[in-house]
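Student: I have a model open and want to learn how to read its features. Can we go through it together?

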Amino acid sequence: MRYLRALIIVLPLSVFALACEGDDPVDCRADGANCSLREAAVQAGVQVGAAFREVSATDDPKYLPALTADFNSVTHEHAMKWAATQPQYGVFNFDEPDRMIEIAEANGMAVRGHTLVWEQATVDATPEYVTAITDPEELRTLMANHIRTVVGHFRGRVDAWDVVNEPLDTLGSELYQNIFYQLMGPGYIAEAFELAHEADPDATLFLNEALVSNDGDKFDALLALTADLLEQGVPVHGVGLQGHFLTEAPNHDELLANLQKLAALGVVVELTEVDIIARGQGDDAARLERQRQEFFDMASACLAVEACKRITFWGFTDRHTWIDSFFGPDLAPLPLDENYERKPAYFGLRDGLLSGP
Ligand code: XIL
């Protein structure tokens, strides 16, 4: 049954994949070229990704063709978090991410794994049986088993992992005192990376953090944390800046400087969860035009830094976005509109992808 369902999703897509086999090089800067985001990204030597939701893919026939046409990387919005992969103590379930990976592989897309260790009071990433633990050794053993089992399951099919998500306070610069910190101390971060590296030595391992794209104390704290881990020899290979631009717009120069500072430590950098709400007053056209510029500013900052290798959006169409349910409707944060039409933001993004050297 499971196989049949995957086949139903994958078969038509494989046909589609054949039609654009191998991302044949097209000169996207040539006059009259009208490249997809994915073609522009290939030309630029980066990847462009989107977060995936299975329910949208099964309910909405336009979803998968649009996703696979414009993106060459994918990450699951929920199903690779602890709550989904180990919903009960010692019981693992990989059905949904496995189905996504079959789609990705049939369409030549990379897969980012999100995320191994992320506990925060307000989110649904970690089950209660974890936060109820009081014995440090029990938690250490459970975390080790979780990381080994999950990373081991996906070994060779997931190229990058957000090993620890949001290690810092949401609105501060200290280490967030999640259950792992409380019981194991700050060393939980290094332990998580060591375990992930053992389980898949070829995966690129990321620290991933929110609200650090522009200047600020929180970015400085992330930089210091990364430097400290590297100095200890911890296998941190990359840093992800989430890029949910909700309260402020991307500032090109600040983002560029941050990416350069991280790159100078010798890690790769990615923008991992971008959405940029259409902010401001004015008619729709003015808001969308401002948003076009903001998508350009964000993407061109990445493209100016050699170590910035992928930009992943947290969704891709305004029809299916977490922003609607968490922050309200009509914020239109993604490059395709509700009808899967290209928005000004799409063109700003594509120009940004093509702005590199
Ligand atoms: C969000 C998902 O989009 C929602 O569907 C889910 O209910 C909560 O999590 N930072 C992250 C992501 O690292 O995992 C979050 O995703 C958005 C904020």
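Student: Is Phe92 buried, partly exposed or exposed?

Tutor: First, the ground rules. This is a predicted model, where local features need pLDDT of at least 70, side-chain atom pairs count only at pLDDT 80 or more, and totals for chains, interfaces and linings use all residues. Residues are numbered from 1 along each chain as its sequence is written, and side-chain values use heavy atoms, with hydrogens and water left out. Now the idea: buried means under 20% relative accessible area, exposed means over 50%, and partly exposed lies in between (1.4 Å probe, protein chains only). Phe92 has 24%, so Phe92 is partly exposed. Phe94 has 10%, so Phe94 is buried.

Student: How many aromatic pairs does a search of the whole structure find?

Tutor: Rings of Phe, Tyr and Trp (its six-membered ring) pair if their centres lie within 6.5 Å. Planes under 30 degrees apart count as stacked, over 60 as edge-to-face, and the rest as tilted. The search finds 15 aromatic pairs. Take Phe92 and Phe94: their ring centres are 6.0 Å apart and their planes are at 25°, so the pair is stacked.

Student: Which residues form one aromatic cluster?

Tutor: Phe52, Tyr63, Phe71, Phe316 and Tyr340 do.

Student: Which ring does the charged end of Arg112 sit over?

Tutor: A charge sits over a ring if NZ of Lys or CZ of Arg is within 6 Å of the ring centre and within 35 degrees of the ring normal. For Arg112, the ring is that of Phe206, with its centre 4.7 Å away.

Student: How many residues surround the ligand?

Tutor: A residue counts if one of its heavy atoms lies within 4 Å of the molecule. Here 13 residues surround the ligand. The closest are Glu77, Lys81, His114, Asn165 and Glu273.
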